[in-house]
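The sequence and the structure are shown first.

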Amino acid sequence: MNYSEIKNCDIANGPGVRVTLFVSGCTHHCEGCFNEMTWDFAYGMPFDEEVEERMLAYLEPAYIAGLTLLGGEPMEYGNWQVLLPFLKKVRERYPEKNIWCYTGYRFEEDIMERFCGQWTEMKEFLGCIDVLVDGEFILAQKDISLQFRGSRNQRIILVQESLKCGETVLWRE
């Protein structure tokens with residue numbers, strides 16, 4: 001997996017100060033995407049152990065609330081497969097920090113039904129995610145007044161609560 005950028009003090013992609021990883025590779029190709037260059041899976045630099053260690057160090061300060069994954073598309077098969085071992089390290093080392101993930105895939109149809117049906121490890125990946133912002137960016141529904149989203153169709157989902165009760169539980173601002 002490649003990544004395009006790491007921000008070690010991001011305040012736009014989740015609550016508090018965050019470490020943000022922009023992965024490369026996306027098949028959605030949303031019209032008006034703010035990060036078109038990350039559609040290419042070969043764009044950027046390799047996500048290797050050195051990068052993982054650097055990110056783990058960025059997460060250490062107490063003022064860092066958590067980690068955010070976006071891109072590109074973290075839920076593309078090749079991306080989440082690489083991210084899963086890293087997320088396990090984050091959970092082990094920083095259990096108090098939260099993990100947010102942005103995806104163009106829909107939680108119920110794509111992730112829970114299709115992905116979890118195809119790949120048993122997807123449930124393990126979801127077990128590492130606290131909050132999922134789902135849905136493709138839709139230019140006609142763009143709304144700059146929304147917190148942590150780009151278009152009105154996108155939802156902020158509390159993943160662990162949703163998994164426990166078997167229904168989608170939305171985050172309330």
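## Basis of the model

The model is predicted: local features need pLDDT of at least 70, side-chain atom pairs count only at pLDDT 80 or more, and totals for chains, interfaces and linings use all residues. Residues are numbered from 1 along each chain as its sequence is written, and side-chain values use heavy atoms, with hydrogens and water left out.

Helices (H or I, at least four residues) and strands (E, at least two) are DSSP runs, numbered from the N terminus.

## The sheet

An open sheet is formed by seven strands in the order β3-β1-β2-β4-β5-β6-β7, with mixed pairing. Two strands pair if DSSP finds at least two bridges between them. Because β3 and β7 each have a single partner strand and stand at the edges, one side of each is left without a neighbour in the sheet.

Strand β6 (residues 131–134) runs antiparallel to β7, and four bridges join the two. Leu132 has Ile157 in β7 as its bridge partner.

## Nonpolar cores

A nonpolar core is a set of buried Ala, Val, Leu, Ile, Met, Phe, Trp, Tyr and Cys residues joined through side-chain atoms within 4.5 Å. Buried means under 20% relative accessible area, exposed over 50%, and partly exposed in between (1.4 Å probe, protein chains only). The largest such core holds 36 residues, and Leu67, Met75 and Phe125 have the most contacts inside it. Elements giving two or more residues to this core include β1 (2–10), β4 (64–71), α2 (77–93) and α4 (121–128). The most comes from α2, which gives six residues.

Phe125 touches Leu69, Met75, Trp80, Leu83, Leu84 and Leu87, residues up to four places away in sequence not being counted; contact means heavy atoms within 4.5 Å. Apart from this core lies another, of nine residues, among them Phe22, Trp100, Ile156 and Leu158.

## Helix α1

In α1, the buried residues are Val51, Glu52, Met55, Leu56 and Leu59. Seen down the helix axis, they fall within an arc of 140°, so they line one face of α1; the arc is that of the directions from the helix axis to the C-beta atoms. These buried residues pack against β1, β2, β3 (45–46), β4 and α2.

The N-terminal end of α1 is capped by Asp48, a side-chain oxygen of which lies 3.2 Å from the backbone nitrogen of Glu50.

## Arg155

Arg155 is placed in strand β7 (residues 155–158). Its relative accessibility is 16%, so Arg155 counts as buried. The side chain of Arg155 makes a polar contact of 2.7 Å with that of Glu108 and one of 2.6 Å with that of Asp134. A polar contact is a pair of N or O atoms within 3.5 Å; within protein, one must be able to donate a hydrogen and the other to accept it, and residues adjacent in sequence count only if both atoms are side-chain atoms.

## Cysteines

With a disulfide taken as a pair of cysteine sulfur atoms within 2.5 Å, the count comes to zero disulfides. For Cys33, the nearest cysteine sulfur is that of Cys30, 6.3 Å away. Cys33 is partly exposed, at 23% relative accessible area.

The sulfur of Cys165 lies 15 Å from the closest cysteine sulfur, in Cys116, which is too far for a bond. Cys165 is partly exposed, with a relative accessible area of 45%.

## Lys123

Lys123 is found in helix α4 and is exposed, with a relative accessible area of 54%. Lys123 and Glu60 are 63 residues apart in sequence and 26 Å apart in space, C-alpha to C-alpha.
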